[in-house]
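Open the model in your viewer and keep the selection panel at hand. This tour goes stop by stop.

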Amino acid sequence: MQQLISRLLSPPGRRFLYSNGREREPEPSESDHPLVGEQISFTRAPSITPREDGRCLAVFTSGGDAQGMNSALRAVVRMAIFSGVRVFAVREGYKGLVEGGKHIEEFRWASVSNILHKGGTVVGTARCKEFREREGRLKAAENLVQRGINNLVVIGGDGSLTGANLFKKEWEGLLAELEEAGRLTRSQVEKCKYLNIVGLVGSIDNDMCGTDMTIGTDSALHRIIEAVDCLTSTAASHQRSFVLEVMGRHCGYLALMAGIAGCADAVFIPERPPNPGWEDSMCYQIAQCRDAGRRHSLVIVSEGAVDSENRPITSEQIRDILQAKLGHDTRITVLGHVQRGGKPSAYDRIISARMGAAAVITLLNAEGEIPPKMIGVQGNVIMQLPLMDCVTKTRAIDTAMKTCEFKQALELRGRSFKRNMELLRRLESCRNPECGSEEDILSPTPVRRFKFAIMNVGAPAAGMNSCNRACIRLLLYKGHTVLGVGNGFSGLLDDDITEMSWDSVTNWAAEGGSNLGTNRIKPTAHTLPEIAAKFGEHHIEGLLIVGGFEAYHSLIILEENRKLYTAFRIPLLGVAATISNNVPGTEYSLGCDTALNTIVSSCDILRQSAQGNRKRVFVVETMGGYCGYLATMAALAGGADAAYIFEEKFTISDIQRDADYLVGKFKDGLERGLLLRNEKCNENFTTTFITELLSEQGKGVFICRDSLLGHLQQGDAPTPYDRILGVQYAAHTVDFLQKHAQENLNSRDKVRAENAESACMIGLQGTKFQAIPLQKLAKDTDFEHRIPTHQWWMSLRPLIAIFAKHKEHDFRGETR
Ligand SMILES: Nc1ncnc2c1ncn2[C@@H]1O[C@H](COP(=O)(O)OP(=O)(O)OP(=O)(O)O)[C@@H](O)[C@H]1O
Ligand SMILES: O=P(O)(O)OC[C@H]1O[C@](O)(CO)[C@@H](O)[C@@H]1O
Ligand SMILES: [Mg+2]
């Protein structure tokens with residue numbers, strides 16, 4: 001046990017670990033929030049001693065509910081039990097703490113079974129007046145100490161975390177008072193003489209400083225974008241305008257991101273009050289889009305939106321303006337609590353699980369009393385931060401907004417918020433060039449105009465269209481010509497080439513797959529001369545390929561042949577778009593979030609089918625080629641018992657052991673099992689083989705069935721994340737293509753790019769988008785298996801086993 005925990009938990013300290021345990025220097029903080037934090041990693045690192053000192057902890061949810069709270073609760077409970085710590089769940093938030101009794105219940109492993117996929121919080125939440133009073137907190141302290149609890153995990157918003165902080169501050173005084181009144185004994189007080197607290201931010205608003213995302217935000221965005229898609233079709237049918245009001249309290253994050261993902265014509269958020277006269281500019285912008293052929297208009301307004309004098313901007317006001325000034329038939333949709341409902345998205349389940357585990361790690365690592373901590377996520381990294389610094393900074397934003405210091409408020413929201421706002425502004429200002437004046441089009445970047453080509457290569461992936469669309473429009477806006485190449489390299493050779501116009505990509509963002517057309521064909525020695533000739537014939541001065549591993553590999557081939565063909569001496573750029581997430585240079589490729597959500601929804605359906613005492617184990621085969629990303633993440637988000645992947649060796653005895661363990665679990669009352677198997681994890685241990693083996697081993701105990709999700713995994717409409725990522729990639733792509741075309745103009749005004757920096761993939765690493773030279777990426781690529789040699793998500797794998805209650809010997813973890 002000790003060895004295993006050591007492997008999983010790293011101690012506090014500014015340690016930055018790669019997933020293989022290699023230590024690296026902390027990078028100069030690109031963190032959005034300059035709050036000093038410590039990384040919590042689940043990698044091999046020297047660490048804590050498992051606690052067998054009678055330490056108990058309690059966990060509860062408080063404030064407004066948020067999707068993903070159940071996943072956090074499950075993670076806290078299971079990580080605690082796994083680590084030998086008793087864990088209590090408090091029902092109804094602070095109300096339960098104050099009332100005690102049956103509200104505080106010791107939880108077992110099974111207490112959090114079958115909750116991962118549920119919205120809201122199964123232990124209830126409340127806003128509790130009594131806890132705001134000292135008397136209430138006195139009762140709460142009494143209830144905790146009587147049960148020997150002095151470690152708290154609070155899952156809630158800023159209010160809940162502030163309350164927890166105050167509780168901690170008062171703890172000593174409260175205990176002294178309780179002892180004096182004879183309500184607690186000396187030894188009880190002695191055992192719980194300090195209170196350690198860790199907060200997880202559960203709120204759809206994403207309004208807390210210190211973390212890039214709060215639990216529930218991604219799911220709320222799913223609800224909003226589902227609504228946008230629904231409104232779009234009815235609005236376009238009637239040529240109507242819609243005002244969509246979204247939640248977020250005083251934070252504009254939901255409206256901002258929904259605006260980018262949902263291609264809104266205008267967005268109003270609290271942090272960016274529009275300039276006086278905004279009514280006319282909004283109408284102008286909307287009218288231009290209508291003139292360009294758009295059949296509907298969409299304005300997204302945050303519930304907290306204000307004008308420059310801090311007066312609310314309401315949905316009704318916007319509707320009336322659109323009706324009066326433009327004569328539009330305009331309707332309002334207020335989404336309200338729908339946004340807080342429904343199933344948690346895959347991202348919310350995973351992030352909550354990681355945060356929940358990190359909260360327990362933080363409490364177990366504590367030697368004595370520690371200052372209150374908050375667990376946040378920055379980029380892909382789980383961080384432990386000083387709780388009150390985060391709360392104080394968050395409160396400072398409210399103050400700044402109250403006093404109309406909007407610039408300051410925006411500054412405090414952090415870099416990524418600001419970057420997304422700049423992106424929105426860029427999209428908003430990018431009007432249809434056919435409508436805008438010449439000056440409008442060219443003023444932002446006075447570069448020579450170029451002719452760029454864009455194509456998709458590889459299998460279709462959600463988000464490709466969003467990226468293609470944004471890229472085409474941003475390039476057109478800058479005055480460039482864009483050639484859309486249909487069906488990849490074969491289309492190029494067949495002259496399937498169209499000059500793209502503004503309205504040729506209308507409504508693309510909401511569509512999955514590739515509207516340009518895509519296939520896996522790469523350039524070969526045979527086709528290279530023809531490809532070069534086509535580049536020359538069409539005067540292509542820069543190429544963007546949006547696609548999977550084949551896209552990456554094709555670009556490498558083109559770059560390698562720059563020596564032979566001048567036509568390839570142009571900026572060559574790739575954007576990773578594949579459900580497999582196996583392209584080097586980026587942590588997330590377009591499409592993998594949509595695929596993951598599709599797989600996880602399928603797992604939820606299978607779970608339901610196994611319900612009702614049907615005693616089923618499902619073996620679900622996922623795509624991904626040799627890359628185990630989808631299987632691993634789906635196992636985490638779907639609550640699977642194991643995930644077989646290529647990157648982590650496994651043998652027949654591992655499968656055998658999983659079978660035995662499942663038999664044991666079913667005998668203990670489990671009703672269903674779930675195993676994920678990546679399609680190429682092992683050529684002999686096929687899905688059928690594993691299913692049959694389990695069927696044999698489980699005879700009389702459970703029935704085993706396989707489920708091959710196949711191409712369903714390519715998903716339907718892209719998730720908000722894939723749409724947004726597509727636009728973010730596009731913005732960086734446009735900058736790259738322009739820059740490298742311009743920089744590599746020779747004296748005869750010809751683009752002649754020959755340096756390694758002009759042939760790149762754009763990748764997302766942490767919170768940063770970077771163009772990484774293909775030559776550099778090639779060194780870290782396993783070309784045989786078409787995967788990067790380092791994959792960040794591998795370090796999350798032990799969590800699957802922990803949450804699935806494997807015994808210690810069941811942990812594999814030997815990587816290839
Ligand atoms: N200053 C405080 N002192 C003591 N308790 C507090 C304080 N602020 C909040 N709480 C407790 O936390 C509960 C939840 O707080 P609040 O209603 O502000 O929601 P929240 O946690 O900020 O979540 P959200 O804003 O996302 O709904 C309150 O009802 C109260 O019991
Ligand atoms: O659920 P209630 O109490 O109506 O609160 C609604 C508020 O809670 C949130 O949903 C979460 O903080 C806000 O977006 C919204 O303003
Ligand atoms: Mg709050």
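Is Gly-159 buried, exposed or partly exposed? Select Gly-159 and count the other C-beta atoms within 10 Å. There are 16, so Gly-159 is partly exposed. A residue needs 20 or more to be buried, and 12 or fewer to be exposed. Bear in mind throughout that this is a predicted model.

**Helix H5**

Stay with Gly-159 and show its helix. Gly-159 sits in helix H5, which takes in residues 158-180. Asp-158 belongs to helix H5 as well. Select Asp-158 next. Is Asp-158 buried or exposed? It has 23 C-beta neighbours inside 10 Å, so it counts as buried. Now look for its contacts beyond four places in sequence: they are Met-208, Val-391 and Thr-394.

**The ligand shell**

Select ligand 1 and show what surrounds it. The shell has 18 residues. The closest are Gly-63, Gly-64, Gly-157, Gly-159 and Gly-163. Which helix gives the largest share of this shell? It is helix H5, with 6 residues. Color the shell by class. You will find 10 polar residues, 4 nonpolar and 4 charged.

**The annotated positions**

Next, select the positions that UniProt marks as "binding site", in an unreviewed entry: Gly-64, Arg-127, Cys-128, Gly-157, Asp-158, Gly-159 and Ser-160. They are spread over 97 residues of sequence, yet they cluster in space. The largest C-alpha distance among them is 14.1 Å. Two of these names come from earlier stops. Asp-158 is the buried one, and Gly-159 is the partly exposed one.

**Strand S2**

Last stop: select Phe-60. It lies in strand S2, residues 56-61. How many C-beta neighbours does Phe-60 have inside 10 Å? The count is 31, so Phe-60 is buried. Show its contacts, leaving out neighbours within four places in sequence. They are Ala-89, Val-90, Gly-93, Gly-96, Leu-97, Val-123, Val-154 and Ile-155. Then draw a line from the C-alpha of Phe-60 to the C-alpha of Tyr-94. The two residues are 34 apart in sequence, and the line spans 8.0 Å.

Key. Residues are numbered from 1 along each chain as its sequence is written. Chains are lettered from A and ligands numbered from 1 in the order in which they are written. This is a predicted model: local features need pLDDT of at least 70, side-chain atom pairs count only at pLDDT 80 or more; totals for chains, interfaces and linings use all residues. A residue is near a molecule or strand if its C-beta atom, placed from the backbone, lies within 6 Å of it. Helices (H or I, at least four residues) and strands (E, at least two) are DSSP runs, numbered from the N terminus. Ala, Val, Leu, Ile, Met, Phe, Trp, Tyr, Cys and Pro count as nonpolar, Asp, Glu, Lys and Arg as charged, and the others, Gly among them, as polar. Two residues are in contact if their C-beta atoms, placed from the backbone, lie within 7 Å. UniProt positions are given in the numbering used here, feature names are shortened, and annotations may be inferred rather than shown by experiment.
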